[in-house]
Amino acid sequence: MINTFHTSYNPPPVPPRAGYSKPRLVGNTPLVKFLSVMLLLLMILTFGGFLYLFQKLNMLQDSYHDEVSLQRLQECADSSMGEDSMTECGKLMEKYKAVIAKVSQANEKLSKLTGGPHFLGPAAHMIALTEHKDKTSAFLKTNSLLWDEEHSLVQDVRLSNERDKLTIQYPGIYFIYSQVTFSRNSPSSSLKQSIKITVPKKHQGKELLKSFCSLKPNPQNLCTASVAGVFHLEKDQQIYVTVTNTSLVNRESCNFGLFKLR
């Protein structure tokens, strides 16, 4: 007899045989997961390595430029250089002065916010002692310039009791600068300023830097002698500025300073 019965339902599934297990997907195996993690770590380490090398190269490049600038400043102390070289030295000094001004402004802002002084290291920017504060006319009794500590910036260096010398407390490489303005001429000698340093076991100071300027006969004229250089200073050494004659100096336009480079 032929079965002619039809239905729209699917036939029931065949039950699995004994001992049969469904195969696992290859992508879910522990080996693939481990390899994926290792590949991700390798990519992170490679990216981090390239980033580190890039920053290191930038630091080395900046350090090289700093060394060249310091060497150039050291060469500027040589008085036998030509006019073109001295012009280049003047431009380099102006850049360093701009950096000093920015650092000072940042420190002043930070001091106002936190209520205390904050500096990056040993530094000083000295202002000449005015006639109003020089009651005993001590300024005119010596060829060393005297400084007004109250209106000057002094950090981690010490001004002597005579108010003429800065004493180094931390050894290192320092940038030293000085600017002296003369308002009168000297018929017997040239207008000169010198930065000197005390030498242990010697009474006379050693001259580090010097500069000159000249005045025309017109009494209203002024001339300014500027000098700067980089030197290695030891602890307890003293730095000071001398001039031809302090009576020829315009006190309102004289400054002297230093700061530690490293």
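## Strand 9 and its neighbours

In strand 9, glutamine 193 has valine 243 as its bridge partner. Strand 9 itself spans residues 238-243 and is mostly covered, with five of its six residues buried.

A word on what you are looking at: the model is predicted, and local features are described here only where pLDDT is at least 70.

## The chain as a whole

Let us step back to the overall layout. The protein chain has two helices and ten strands, and along the sequence they follow the pattern α-α-β-β-β-β-β-β-β-β-β-β. Of its 262 residues, 31% count as buried. The chain exposes about 18600 Å², and carbon and sulfur atoms supply 58% of that area.

## Strands 5 and 8

Another pairing to trace on screen is the one between strand 5 (residues 172-182) and strand 8, which is antiparallel and runs over eleven bridges. Within it, isoleucine 173 stands opposite histidine 232 of strand 8. Strand 8 is largely enclosed by the rest of the structure, because eight of its eleven residues are buried.

In soluble globular proteins, nonpolar side chains tend to be buried together. In this model, the largest nonpolar core has 36 residues, and Ile176, Phe182 and Ile239 are those with the most contacts inside it. Strand 8 (residues 223-233) gives this core its largest share, five residues. There is also a second, separate core of seven residues, with Phe175, Tyr177, Ala228 and Phe259 among them.

Which residues does isoleucine 176 touch, leaving aside those up to four places away in sequence? The list includes Ile195, Leu208, Leu209, Val227, Ala228, Gly229, Phe231 and Leu233. Isoleucine 176 also touches Ile239, Phe256, Gly257 and Leu258.

## A nonpolar patch on the surface

A surface patch is formed by Leu31, Phe34, Leu35, Val37, Met38, Leu40, Leu41 and Ile44, which together have about 800 Å² of accessible area.

One of these residues, methionine 38, is in helix 1 (residues 30-76). Is methionine 38 buried, exposed or partly exposed? It counts as partly exposed, because its relative accessibility is 41%.

## Salt bridges

How many salt bridges does the model have? The count comes to three. In one of them, the side chains of lysine 165 and aspartate 164 meet at 3.1 Å, N to O. Lysine 165 and aspartate 164 are both buried.

Another salt bridge brings together the side chains of glutamate 207 and lysine 192, at 3.3 Å from N to O. Glutamate 207 lies in strand 7 (residues 206-213) and lysine 192 in strand 6, so this pair ties together parts that are 15 residues apart in sequence. Glutamate 207 is partly exposed, with a relative accessible area of 32%, and lysine 192 is partly exposed too, at 25%. Lysine 235 and aspartate 236 also form a salt bridge, and their closest N and O atoms are 3.5 Å apart. Lysine 235 counts as partly exposed at 49% relative accessibility, and aspartate 236 is partly exposed with a relative accessible area of 48%.

## Serine 247 in its loop

A last stop is serine 247, which sits in the loop between strand 9 and strand 10 (255-260).

The C-alpha atom of serine 247 is separated by 9.0 Å from that of phenylalanine 182, although the two residues are 65 apart along the chain. Phenylalanine 182 is one of the residues with the most contacts inside the largest nonpolar core.

Notes:
Residues are numbered from 1 along each chain as its sequence is written. This is a predicted model: local features need pLDDT of at least 70, side-chain atom pairs count only at pLDDT 80 or more; totals for chains, interfaces and linings use all residues. Side-chain values use heavy atoms; hydrogens and water are left out. Buried means under 20% relative accessible area, exposed over 50%, partly exposed in between (1.4 Å probe, protein chains only). Helices (H or I, at least four residues) and strands (E, at least two) are DSSP runs, numbered from the N terminus. Two strands pair if DSSP finds at least two bridges between them. A nonpolar core is a set of buried Ala, Val, Leu, Ile, Met, Phe, Trp, Tyr and Cys residues joined through side-chain atoms within 4.5 Å. Contact means heavy atoms within 4.5 Å. Patches are made of residues with over 30% relative accessible area and no salt bridge: like charges are joined within 9 Å, nonpolar side chains (Val, Leu, Ile, Met, Phe, Trp, Tyr) within 5 Å. Accessible areas come from the Shrake-Rupley method with a 1.4 Å probe; for residues, only the protein chains shown count as cover. A salt bridge is a side-chain nitrogen of Lys or Arg within 4 Å of a carboxyl oxygen of Asp or Glu.
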